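Hi,

Here is the structure I promised to pass on.

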Amino acid sequence: MTVPLELVPDTLTIARLAATANVVLLAALIVVWGRLYREIRSTFTLGSILFAVFLLAENVIALWYYFNPTPGLPPFAVEVMMVLQVLEALAIATLLYITWQ
């Protein structure tokens, strides 16, 4: 059985969804780590917060770009960015899951 092409989301839509998921997951991590930092004042926790803030900024910029794409961008570049966004979402989700354990 084959899936009709109109039911398969395009790569830009997948990249948008993954970047949106990244923003939400990173915001959750920042909140959790922020609460933890207030309790223990660990430099590692502070570093984790700063790391998440930089990743959050990267994903907000990516989202802006995905909703305002440059005309003439090679499809291969969009495909690569989509794969990177999905992998990043999986990594952040894993980190959030482990953090909540």
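First, the ground rules. This is a predicted model, so local features need pLDDT of at least 70 and side-chain atom pairs count only at pLDDT 80 or more, while totals for chains, interfaces and linings use all residues. Residues are numbered from 1 along each chain as its sequence is written, and side-chain values use heavy atoms, with hydrogens and water left out.

Helices here are DSSP runs of H or I, at least four residues, numbered from the N terminus. The expected span of a helix is 1.5 Å times one less than its number of residues. Helix α3 (residues 75-100) has 26 residues and reaches 37 Å from first C-alpha to last, close to the expected 38 Å. Just after α1, Arg-41 takes a positive phi of about 55°.

Now the packing. Buried means under 20% relative accessible area, exposed over 50%, and partly exposed in between (1.4 Å probe, protein chains only). The buried residues of α3 are Val-78, Met-82, Gln-85, Glu-88, Ala-89, Ile-92 and Leu-96, and they pack against α1 (11-40) and α2 (43-67). The buried residues of α1, in turn, pack against α2 and α3. Contact means heavy atoms within 4.5 Å.

Leaving aside residues up to four places away in sequence, Gln-85 touches Ala-15, Ala-18, Ala-19, Asn-22, Glu-58, Asn-59, Ala-62 and Tyr-66.

On to the cores. A nonpolar core is a set of buried Ala, Val, Leu, Ile, Met, Phe, Trp, Tyr and Cys residues joined through side-chain atoms within 4.5 Å. The largest has 10 residues, including Leu-25, Trp-33, Ile-49 and Leu-96. Two or more residues come from each of α1, α2 and α3, with α1 giving the most, 5 residues. Apart from it lies another core of 8 residues, among them Leu-12, Ala-62, Leu-63 and Met-82.

Finally, there is 1 aromatic pair. Tyr-65 and Tyr-66 are edge-to-face, 6.2 Å centre to centre with 65° between the planes. (Rings of Phe, Tyr and Trp, its six-membered ring, pair if their centres lie within 6.5 Å; planes under 30 degrees apart count as stacked, over 60 as edge-to-face and the rest as tilted.) Tyr-65 is partly exposed at 23% relative accessibility, whereas Tyr-66 is buried at 4%.

Cheers
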